[in-house]
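Subject: Structure handover

Hello,

The sequence and structure are below. My notes on what was found follow after them.

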Amino acid sequence: CFLIAQWSAEIVVAAMALAAALAAICPPGSDDFCDQNEMITLMTTDGHAVPCLDGLLRARCPKGPQAAAGEELSVVLPLLQWVYAARVQDRPLTSGDGDIEHFARIVRLAERWGLRDVGELQERIMAKRSRARGAGTLPEDLLTAYRNNALKGRFSFRCPAWSNKGDTRDDEDMEVPLEGGLTALLQLRSEYFRAMLSGAWAESCPTRDEKTVVTMYWPRDQMARLLEFIHGGTFVAKAEDLRIAVDCASFFGVPSLLHHVREWIANNLKVSTAPTLWRFVETEPLLKMQDIDCCEDAEDVEAACFEFHLEHFSELAGIKVWESFGGDDETNDASEEEPPLHTLSIELFHRLLMSGLVRLPTRQLICVVERFARAKCSDPSCTEAFAKLFTSLMPPAVIFNRDCRSALLQFNDVPARTMITV
């Protein structure tokens with residue numbers, strides 16, 4: 001159940017970034033990023049022309065209209081808002097006793113169009129003041145349509161065999177172009193594709209009526225995963241994917257992919273892997289950026305790692321049972337195996353001790369620090385280095401633990417965040 005909830009949280013995060021991107025071009029918004037060959041114009045019953053992304057409309061509404069919308073503009077626009085971004089208006093378009101009938105018309109039109117998540121739309125409309133937010137089946141619908149080549153995008157991408165070293169698939173399979181999907185979505189979610197497909201690059205110049213194959217000198221499997229991520233999929237499945245994800249996010253300018261990486265790390269912190277993941281975050285400045293476009297609720301992955309190490313410090317240090325809190329034989333409390341804490345960098349271990357928030361008795365923590373310092377200076381010739389390191393990790397160089405913190409600070413309102421930056 002925990003793994004399912006964890007996976008669901010990551011899906012929701014990715015879906016919200018996708019919805020935010022599509023909301024920018026939802027009618028009657030701007031269609032600057034939309035390729036006209038991928039558009040369809042719906043005519044409302046009161047005479048308004050509404051341009052929409054044809055592929056997205058078909059992915060979300062299999063029975064969607066070919067030309068006639070079948071309702072007035074005041075009904076069509078709220079439904080398209082859900083189709084594009086899984087959002088409902090916070091305030092009704094009309095007021096008074098007509099609200100219920102107006103919402104009922106939206107739901108009836110959704111049913112006629114065959115909207116896949118019409119049930120969730122109805123629930124959200126009836127509870128429009130609720131703070132609960134979801135993405136319906138938007139990511140699943142879009143990803144399924146992408147995988148079935150049903151989005152009718154103008155661009156596809158070919159990755160030459162020489163850029164796919166280590167790939168064991170047949171050369172013929174490697175030469176088959178990857179479908180680009182929705183041109184608008186590529187541009188909205190990637191700065192690289194925005195420059196390539198909307199400016200004066202050679203890839204943007206061929207006749208717009210033609211299917212354009214773009215050669216990309218990038219590993220095919222990574223490109224395939226990136227394109228699926230842009231269309232609602234996930235990228236990171238295991239820790240080994242993190243480096244690839246950050247490289248792709250950096251090169252192609254996909255800030256939401258960085259957010260996906262941060263969320264994956266925060267949701268997959270375990271005693272056995274947390275030190276390695278924290279070290280990875282520490283070496284990636286992009287992951288420590290708080291302001292990410294379309295990701296206002298971006299996870300503070302640094303804080304998540306820091307708090308996890310504080311909460312599970314004794315386990316990370318290899319302490320199985322606290323047999324005593326002040327006895328002479330402190331080493332009995334630690335396992336004989338190399339504890340995960342020893343894979344943490346000296347700088348990060350110093351931050352933990354500097355916070356003064358470690359919940360471990362002083363004498364026991366001294367033993368943990370000594371073992372950590374010896375692990376980092378295991379060479380017999382490093383006696384002097386060990387002494388220097390051990391001293392730097394002991395009071396008064398650091399606040400050490402909660403006992404020392406209470407003695408040093410006569411007030412308890414100093415936030416931990418101010419301590420870990422020292």
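In these notes, buried means under 20% relative accessible area, exposed means over 50%, and partly exposed lies in between, with a 1.4 Å probe and protein chains only. The model is predicted: local features need pLDDT of at least 70, side-chain atom pairs count only at pLDDT 80 or more, and totals for chains, interfaces and linings use all residues. Residues are numbered from 1 along each chain as its sequence is written, and side-chain values use heavy atoms, with hydrogens and water left out.

Confidence

pLDDT is the predictor's confidence in each residue, from 0 to 100. The protein averages 82, and 76% of the residues score at least 70. Helices (H or I, at least four residues) and strands (E, at least two) are DSSP runs, numbered from the N terminus. A contact here is heavy atoms within 4.5 Å. Where pLDDT is low, the predicted coordinates should not be read in detail.

Buried residues

A nonpolar core is a set of buried Ala, Val, Leu, Ile, Met, Phe, Trp, Tyr and Cys residues joined through side-chain atoms within 4.5 Å. The largest one has 121 residues, and those touching the most other members are Tyr 84, Trp 113, Phe 193, Phe 252, Ile 265, Phe 313 and Phe 349. Helix α3 (residues 73–85) gives the most to this core, with eight residues.

His 309 sits in helix α14 (residues 301–311). It is buried, because its relative accessible area is 0%. Its side chain reaches the backbone oxygen of Cys 305 at 2.8 Å, which is a polar contact (a pair of N or O atoms within 3.5 Å; within protein, one must be able to donate a hydrogen and the other to accept it, and residues adjacent in sequence count only if both atoms are side-chain atoms). Leaving aside neighbours within four places in sequence, His 309 is in contact with Ala 274, Pro 275, Trp 278, Leu 316, Leu 344 and Leu 352.

In α10, the buried residues include Arg 220, Gln 222, Met 223 and Phe 229. Gly 232 follows α10 and has a positive phi, near 105 degrees.

Cysteines

The structure holds zero disulfides, a disulfide being a pair of cysteine sulfur atoms within 2.5 Å. For Cys 26, the closest cysteine sulfur is in Cys 52, at 8.3 Å, so it is too far for a bond.

Strands

Two strands pair if DSSP finds at least two bridges between them. Strands β1 (residues 39–43) and β2 (residues 49–53) pair in the antiparallel sense over five bridges, and Met 43 has Ala 49 as its bridge partner in β2. The two strands form a hairpin with five residues between them, and Gly 47 in the turn has a positive phi of about 90 degrees.

An open sheet of three strands has the order β4-β3-β5, with mixed pairing. β4 (178–179) and β5 (212–215) stand at the edges with a single partner strand each, so one side of each has no neighbour in the sheet.

Regards
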